Amino acid sequence: MPPETQKIEMESFYRTHAYLVEHTNAPVRRDLMDEIDWNDRLIGIKGTRGVGKTTFLLQYAKEKFGTDRSCLFINMNNFYFSGHSIVDFASDFQKRGGKVLLIDQVFKHPGWSKELRVCYDRFPELKIVFTGSSVMRLKEDSSELRNIVKSYNLRGFSFREFLNLQTGTQFHAYSLYDILKNHEQIARETLSKVNPTDHLQDYIHHGFYPFFLEKRNFSENLLKTMNMMVEVDILLIKQIELKYLSKIKKLLYLLAVDGPKAPNVSQLANDIQTSRATVMNYIKYLADARLINLVYPKGEKFPKKPSKIMMHNPNLMYSVYPAKIEEQDVLETFFANALWKDHKVYRGDKNSSFLVDGTMPFKVCPEGVKAKNNPEVIYALHKTEIGRGNQIPLWMFGFLY
């Protein structure tokens, strides 16, 4: 390619970058921004579709570089990359003084992991930060990157982030230890500014995905996003033929309709006309895509059959099958999703909903259900503003991240 043409094309990327950075306005500064070690040379940020990975990259560029041309954001959706390699682009960028290359949706580019490895080896002065789907198994599936990439997960909004956004507050996150030890004090401090129970139902219905801020129908938008998770993230990354798409979608629907319980794998195999082994593989893919959560007894994991399959977060329940929503299921889904980031959530026994980290039994109680107050169990109480002892307001678990 003539140098003049190359220069013009690179200028168009700089212009797009400048426009996007200038018009980026992240309503919530994500805590992950401070958790990442930005000194690493190859950083992968995974997350389910719709949680704000693109905005996160652009916010990083805006905060750290402004309009400095040493940082450049590119998206693998650009048709330019159907005819050019990441390696060639990175080489050209570095020659022009580039230091930090931000690559959005890297998995759209064939051979992306091999090319990132070449960039890592060939351009020691260049830092690459890329985003990808939660379905990607960076360390398991890509041997080229196993020992060199630092991987992070960006989640949807926590209830705390949603509350800060809706009320203009600046509540910070608490560890589970802090909550168990100091929940009464935390509740009093929080209630002096806002009553979280007034906002919890809105979060449960539409607060996990940042695109609720867009002036579009949230449920329609979420259904579209869920379809993209299956059609693009699962099929493309797992290299599944298009003809099996309808089976995966039907499986997700059946799991949602069944509610949180142990799957009848034989019945599901019969319903979508495939083998039991394939059903279990599809279930794993749906879990990787953050559409469902798999709850196991302590000590067990995939490929064993889970003791309960739940939707990944309560927003999904309202979009997939709103006709059959039990309050207890919604509250347990909220609780499990809040704990999942930093904790192991196992099946509880007859006295508890879940066993957290293999040692702490928790019981999620809806409004009006009196906790039996077994001293061995921690109770998460819905519609409770302030708790006492081992009885903790459910909303407070939304402050874990």
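The structure is a predicted model, in which local features need pLDDT of at least 70 and side-chain atom pairs count only at pLDDT 80 or more, while totals for chains, interfaces and linings use all residues. Residues are numbered from 1 along each chain as its sequence is written, and side-chain values use heavy atoms, with hydrogens and water left out.

**The chain as a whole**

The protein chain contains 15 helices and 12 strands, where helices (H or I, at least four residues) and strands (E, at least two) are DSSP runs numbered from the N terminus. For 401 residues a compact globule would have a radius of gyration near 21 Å, and the 23 Å of the protein chain agrees with this; the radius is taken over C-alpha atoms, and the globule rule is 2.2 Å times the number of residues to the power 0.38. Buried residues make up 55% of the 401 residues, buried meaning under 20% relative accessible area, exposed over 50% and partly exposed in between, with a 1.4 Å probe and protein chains only.

**Nonpolar cores**

A nonpolar core is a set of buried Ala, Val, Leu, Ile, Met, Phe, Trp, Tyr and Cys residues joined through side-chain atoms within 4.5 Å.

| Core | Residues in the core | Named members |
|---|---|---|
| Largest core | 101 residues | I45, I292, F335 and F397, those with the most contacts inside it |

Leaving aside neighbours within four places in sequence, I292 is in contact (heavy atoms within 4.5 Å) with residues including L252, L255, I283 and L286.

**Helices 11 and 13**

Helix 11 (residues 245–258) and helix 13 (residues 276–288) pack at an angle of about 75°, with their axes 10 Å apart. The two helices are therefore roughly perpendicular to each other, a term that covers angles of 65 to 115 degrees. Helix 11 contributes K247, I248, L251, L252 and L255 to the contact, and helix 13 contributes V279, Y282, I283 and L286.

Helix 7 is followed by G168, whose phi is positive, near 75°.

S353 lies in the loop between strand 8 (345–347) and strand 9 (354–356), and S353 is buried, with a relative accessible area of 8%. Beyond its neighbours within four places in sequence, S353 is in contact with Q328, E332, R347, G348, F362, K363 and V364.

Terms used:
Axes fitted to C-alpha atoms, helices over the stretch in contact; angles between N-to-C directions. Parallel < 35°, antiparallel > 145°, perpendicular 65-115°, else oblique.
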